[in-house]
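Welcome! Let us walk through this structure together, one neighbourhood at a time.

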Amino acid sequence: MMKKAFSPDLMARIKMIKGENFVTVENTKNLTNHELIQLIPYLLRNSSIKTCKNVNILVDSQCSKEVVSLLKEYEFTLHDETVTVQKVLDESSNMQGGFTLKDLHELPTAEFKKFWEASMEGSLNSPSSLNIDEQMRSVEVELGPNYKKSCMVAYENGTPIGVTMPHIEPGTLEEGRIFYFGILPSERGKGKSKLLHQQSLEILKKDFNASYYIGSTGHNNLPMLKTFQNNGCTVLERNKVFKRKN
């Protein structure tokens, strides 16, 4: 029996996010098991992926043993399992009040990075492979020239309580995402995550003209999963995140 040739349209059915030092491959749920097994070697022959410092591939949490085995052959390790949620942003959720938000038009980058790094401390998500400067550079690369509008610190009575980074997903017109969302350790467990997330969804709708929201967090991050649930998000998919570092 002849081996089926690789079909280039597989590339059109996945999503690739490229940053300064990383590539993330998403939307592989659109592929069959056989197509995924074809795609992985094809991707990793691509010179820009082959030489990339950090490569992440998301596959369905129910993916086959063959897919897992193939990824391990290519020196990928299981980094995390994530839950992706969605919510339609309609007009019925108008909230009153909220936290004071300052973006990079009002804050020095060094100050923003300080609070961003602080909000990652003790996170229940798997840690990033990138340091804070590399992550900042990734925001600039991925979000483009308007990235400063998305990098926000939330304040309550002048005290910083968290970081939120709402934006429109590049390549789309109406898909709202939050690049990073976190509450500072001293402010956790006080119900502030729900309010800041709700406020971020309002900003996506009103300031970024998003019609829907896609969010994601690690499967162990129960407080964030609860925040999603409290704010009316529904589970879209569950993925295993495989990571390879050069």
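Tryptophan 116 and tyrosine 180 are both buried, where buried means under 20% relative accessible area, exposed over 50% and partly exposed in between (1.4 Å probe, protein chains only). Before going further, please keep in mind that this is a predicted model, in which local features need pLDDT of at least 70 and side-chain atom pairs count only at pLDDT 80 or more, while totals for chains, interfaces and linings use all residues. Residues are numbered from 1 along each chain as its sequence is written, and side-chain values use heavy atoms, with hydrogens and water left out.

Now to the rings. Rings of Phe, Tyr and Trp (its six-membered ring) pair if their centres lie within 6.5 Å; planes under 30 degrees apart count as stacked, over 60 as edge-to-face and the rest as tilted. The count by this rule is 3 aromatic pairs. One of them is the tilted pair of tryptophan 116 and tyrosine 180, with 5.9 Å from centre to centre and 55° between the planes. This pair links distant parts of the chain, since tryptophan 116 is in helix H5 (residues 109-120) and tyrosine 180 is in strand E8 (residues 175-183), 64 residues apart. Helices (H or I, at least four residues) and strands (E, at least two) are DSSP runs, numbered from the N terminus. Ring pairs also bring in Phe112, giving a cluster of Phe112, Trp116 and Tyr180.

Why is the pair of tyrosine 213 and phenylalanine 228 called tilted? Their ring planes stand at 55° with the centres 6.4 Å apart, so the pair is tilted. Tyrosine 213 belongs to strand E9 (residues 212-218) and phenylalanine 228 to helix H9 (residues 222-230), 15 residues apart. Tyrosine 213 counts as buried because its relative accessibility is 2%, and phenylalanine 228 is buried at 2% as well.

Helix H8 (residues 192-206) packs with H9 at an angle of about 55°, their axes 9 Å apart; axes are lines fitted to C-alpha atoms, for helices over the stretch in contact, and angles run from 0 to 180 degrees between N-to-C directions. H8 is therefore oblique to H9, as angles under 35 degrees count as roughly parallel, over 145 as roughly antiparallel, 65 to 115 as roughly perpendicular and the rest as oblique. Ser193, Lys194 and His197 of H8 make the contact with Met224, Thr227, Phe228 and Asn230 of H9, contact meaning heavy atoms within 4.5 Å.
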